[in-house]
Amino acid sequence: MAPSTAKAPGPTAGHPHHPGPGTGAVRAGEPPAVHDALVGVALPALTVSPRHGQLTGTGLEGVFLTGRRLLARSVLRVAGREPAPLRAHLPAADRAEFLGVLRAPGDLGPDPSLVVERVRDADGTERITLRSSAPRPARLTVELALGTDLADLGAVAAGRPGPDLPASVHGTGLRWTAPDGAAVSVAADPPPSESLAAAGVLRWDAEPAAGTPFVLTLRVRAERSGRAQPPGAGRPGGHLLADAAAEGDDPRPGPLLRAALDDLRALLQRDPAHPTDVHLAAGVPWRCGPVTAEALWAARMALPLGTRLAATTLRALARTQLGGPGPGAGRIPGPLRDAGPLLPPRCTGVEATLGFPAVLAEAWRWGLPEQDLADLLPAAERCLGWLRGALDEQGFVPDPWPAGPARAETQAHAHRAAELGADLLDACGRPGGDAWREWARALRERFRARFWQEDPSGGRPLLALTPDGRPLPQLGGWAAHLLDTGLTGGGRQAPGLLDKARAERVARLLAAPALDSGWGLRGLGEKEPGYNPFGHRSGAVRTHETAVAVAGLAAGGHESEAAGLLRGALDAAEAFGHRLPEMYAGERRTAGAPPVPHPAACRPAAVAAAAGIQLLTAALGIRPDAPARTVALHPLRSAPLGELRLSGLLVAGEPFAARVGRLGLGMVEEAAAGLQLGV
């Protein structure tokens, strides 16, 4: 790897904590840890900052736009020294704030007289404020050492960034140009008193005094077609999601819901070919590409905030759908994802194909406009058409299709697609509803005969059947999907793959210590072969799955199991500053110790942010049927969070508010005119 071509003078050069781009400790091919970083997001822009606030070019640090690192290094020194970092936090999804102190020349004793505040926005703007409480003004040299490699995010994530690029003086700052012609500039206000292009350094003579701070603003701009563009230009509006609020006896739901909304809005990105359509990125910093199954599931969990995000996500997926004729016609393509040590990688396209009809049906129940339903129904019918021909020789849907194992979770998605798809066909006057209910009934019979392993404790569902029919009995959080049956007319839950006795057994298994870590559901039980508390599908707590479990348990009447997982998830959210990560370690909860982060987890992640919404709406048990002009409340009667009120939701396109009291009784406080309370 080429050495850096420009280094800041003095102690910054060669500083053990401040290597330039490409000189960090991350090994090639190894993703850098991001669990302790402050990630500011306003896609397509993002910033990754260490807690001390100095961008050093190490690992994934920097300012990024559309997958390219615009700025890798921004190291501040005042009077030749770096501030001592004291506090770092994210007041919003797109902003990181840092506070440090310095002892000014002439300070007597241990008390610092200089406070340094840095506010770094994802849009490429940074404001540095130097405040002094010294009795007399002092002239200080403020210096910023800047640098970049203009490397692709993928290369940086793999530990293979590029070398430092040489800088040139440009306007009130510096400019860098990559070999491919891409360029970035940094402009400073006020202009520096000295610009050292060879060293990549800007300097100011500052004289802060009590009540008169020195304020410095930096703006990073990518240059395209000769025009400078801010990283945040063209951001999707946040109007797709309602401004909901939570309040009650427990103080945690309010900040959890605010953080969930903030993260979801930060993850919104436009479909490049159809700018009016917006969908969620799966997660930052690793998965900001085209629309995925995660975006679909997140849109589903966010339906209480309105149906517009679901509609635009479904449209984006429909445009990727494979045409016919042929056995793959109607399938939505998607990448393969790791499925743990027990199974081959799964296809997220199969998941999206099966999720499409179900999410469309549930969006319709929440109040999707009729025109959106009419526009999207043909794609849903094509998904169902693919499903009809997707069964393997055993009568199950393989994943990956057409020759992978038959996973229990995939059969749950297929069964839900058939049941809710039948509702859609009936409602729209299309043929086939009864045939799909019969198809679902036959799948239930096969599943109950083949996907259950009896044992003295009451049995368990199988993880999967291999293509040759061999059962894989390992138990994990995936079993939560067996209880997620979907919403049908009148606020009722659709039939599920399990009968009542087996559903009760799964509920007990989900709440048992082997799966419930105390912070949420493990992806694989801690007693199972291959268990790894940090394994994405083999033992880590996946936030989405915990929320699915809470909602499914609550809908099925498994009160104590749902309440226990709900409390654990809210405890974890509080420990993570109410900004739930995609996953965290499945280590058993112990008194006084926080949950253990996963070093490579996306945070924010679409399904994790939306999980916060699902956790809270599950506690109230909101079940709308907008076409029938009814909404039912089935709150957790144990009221595990005490009194809880959710307001600013949307049902049938109008504001909706509901409350559950300390005695577990639900009450609708605001609803659309003519909306009746169901049973």
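What follows is a short exchange about a predicted model and the terms used to describe it.

Biologist: What are the ground rules?

Modeller: The model is predicted, so local features need pLDDT of at least 70, side-chain atom pairs count only at pLDDT 80 or more, and totals for chains, interfaces and linings use all residues. Residues are numbered from 1 along each chain as its sequence is written, and side-chain values use heavy atoms, with hydrogens and water left out.

Biologist: Why is E409 called buried?

Modeller: Buried means under 20% relative accessible area, exposed over 50%, partly exposed in between, with a 1.4 Å probe and protein chains only. E409 has 4% relative accessibility, so E409 counts as buried.

Biologist: Where is E409, and what is it in contact with?

Modeller: E409 is found in helix α7, residues 408-427. Helices (H or I, at least four residues) and strands (E, at least two) are DSSP runs, numbered from the N terminus. Contact means heavy atoms within 4.5 Å. Leaving aside neighbours within four places in sequence, E409 touches R346, E351, W478, H481, R537 and E545.

Biologist: What makes α3 and α12 roughly parallel?

Modeller: Angles under 35 degrees count as roughly parallel, over 145 as roughly antiparallel, 65 to 115 as roughly perpendicular and the rest as oblique. Axes are lines fitted to C-alpha atoms, for helices over the stretch in contact, and angles run from 0 to 180 degrees between N-to-C directions. Helix α3 (residues 293-301) and helix α12 (residues 606-620) pack at about 15°, with axes 8 Å apart. The pair is therefore roughly parallel.

Biologist: Which residues make that contact?

Modeller: From α3 come E294, W297, A298 and M301; from α12 come A606, V607, A610, A611, I613 and Q614. They divide into 8 nonpolar, 1 polar and 1 charged. Ala, Val, Leu, Ile, Met, Phe, Trp, Tyr, Cys and Pro count as nonpolar, Asp, Glu, Lys and Arg as charged, and the others, Gly among them, as polar.

Biologist: Why is α10 called roughly parallel to α12?

Modeller: The axes of α10 (residues 543-555) and α12 come within 8 Å and cross at roughly 20°. That makes α10 roughly parallel to α12. In this contact, T543, H544, A547, V548, V550, A551 and A554 of α10 meet V607, A608, A611, Q614, L615 and A618 of α12. The classes are 10 nonpolar, 3 polar and no charged residues.

Biologist: How do you know that β8 pairs with β7 and with β9?

Modeller: Two strands pair if DSSP finds at least two bridges between them. There are 6 bridges joining β7 (residues 84-92) to β8, which run antiparallel. R87 stands opposite L99 in β8. A hairpin through 2 residues joins β7 to β8. Between β8 and β9 (residues 114-121) there are 8 bridges, again in the antiparallel sense. The partner of A96 in β9 is R120.

Biologist: What makes β8 mostly covered?

Modeller: In β8 (residues 95-102), 6 of its 8 residues are buried.

Biologist: What makes β24 and β28 edge strands?

Modeller: The open sheet has 3 strands in the order β24-β27-β28, with antiparallel pairing. β24 (406-407) and β28 (471-472) each pair on one side only. 2 bridges join β24 to β27 (residues 464-465), and A406 stands opposite L465 in β27.
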